[in-house]
Amino acid sequence: MAFELPALPYAFDALEPYIDAKTVEIHYTKHHATYLKNLNSAIEKYPDFFEWDLEKVVSHLDQIPEDIRTAVRNNGGGVFNHNIYWFNLCPPSDDNQPTGRIAQAISKAFGDFSAFKAEYEKAGLGRFGSGYAWLSAKPDVLHSTPNQDSPVQEGLIPLLVVDVWEHAYYLKYQNRRAEYLGNFWNIIDWKEVENRYNAIK
Ligand code: MN3
């Protein structure tokens, strides 16, 4: 069974005004879908890997045949990272903040929520070129990855991600990545982030 594109959990315009409908549409139906198509074409040569779940594929690249390893790293990571990104976003709401265990974990690791936000934005802004900024566990850390690399390759469990590839924001924000990162806080689905945290064994 080939890997599949998960259905977007909201309409293309659901993240307006912070991420515009056109950007969501192109990002999901072109970028994300193309990573998926390229991942499946690479793995077709070794269909046994279709039995693995995607997280296992992305985190065990040393076991992937060398002739498809780079394609799987870039496109498998591309699919896996976007599967997290879309699901940790939701329509905007006022006073959007983490609650429960994830709020406690953030306070414990980073001081308070505003300190966490500042550090997270710094990670996103500091990623040269293309990549992602993450909150991962365990331990609870803030970091960024280049290209389509993923925290699971470092033995970390991804909780929250923001895509800082230009395709994620350029139509609306052009070169203003900082403004995109500043607005990201309005559309985070903290319930989803907390669920990921609570699912950690
Ligand atoms: Mn992207």
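Aspartate 67 is partly exposed in this predicted model, with a relative accessible area of 46%. Its side chain meets that of lysine 45 in a salt bridge, with 2.5 Å from N to O. Lysine 45 is exposed, at 56% relative accessible area.

The structure holds 5 salt bridges. Another of them joins the side chains of arginine 73 and aspartate 149, at 2.8 Å from N to O. Arginine 73 belongs to helix α3 and aspartate 149 to the loop between β2 (141-146) and β3, so the pair links parts that are 76 residues apart in sequence. Arginine 73 is partly exposed, with 36% relative accessible area, whereas aspartate 149 counts as buried at 12%.

Helix α3 (residues 66-87) also meets α1: the two axes come within 8 Å and cross at roughly 140 degrees. The crossing is left-handed. Among the contact residues are Val24, His27 and Leu39 in α1, and Ile68, Val79 and His82 in α3. The residues of this contact divide into 13 nonpolar, 10 polar and no charged.

The manganese ion is coordinated by His27, His82, Asp163 and His167, at 1.9 to 2.2 Å. Along the chain these donors follow the spacing H-x54-H-x80-D-x3-H. Histidine 27 lies in helix α1 (residues 21-43) and histidine 167 in the loop between β3 (157-163) and α6 (170-173), so the pair ties together parts that are 140 residues apart in sequence. Histidine 27 counts as buried at 1% relative accessibility, and histidine 167 counts as buried at 17%.

Note on methods:
Residues are numbered from 1 along each chain as its sequence is written. This is a predicted model: local features need pLDDT of at least 70, side-chain atom pairs count only at pLDDT 80 or more; totals for chains, interfaces and linings use all residues. Side-chain values use heavy atoms; hydrogens and water are left out. Donors are N, O and S atoms within 2.8 Å of the metal (3.2 Å for Na, K and Ca); water is not among the atoms, so sites may look incomplete. Helices (H or I, at least four residues) and strands (E, at least two) are DSSP runs, numbered from the N terminus. Buried means under 20% relative accessible area, exposed over 50%, partly exposed in between (1.4 Å probe, protein chains only). Axes are lines fitted to C-alpha atoms, for helices over the stretch in contact, and angles run from 0 to 180 degrees between N-to-C directions. A crossing is left-handed if the near helix is turned anticlockwise from the far one by less than a right angle, and right-handed if clockwise. Contact means heavy atoms within 4.5 Å. Ala, Val, Leu, Ile, Met, Phe, Trp, Tyr, Cys and Pro count as nonpolar, Asp, Glu, Lys and Arg as charged, and the others, Gly among them, as polar. A salt bridge is a side-chain nitrogen of Lys or Arg within 4 Å of a carboxyl oxygen of Asp or Glu.
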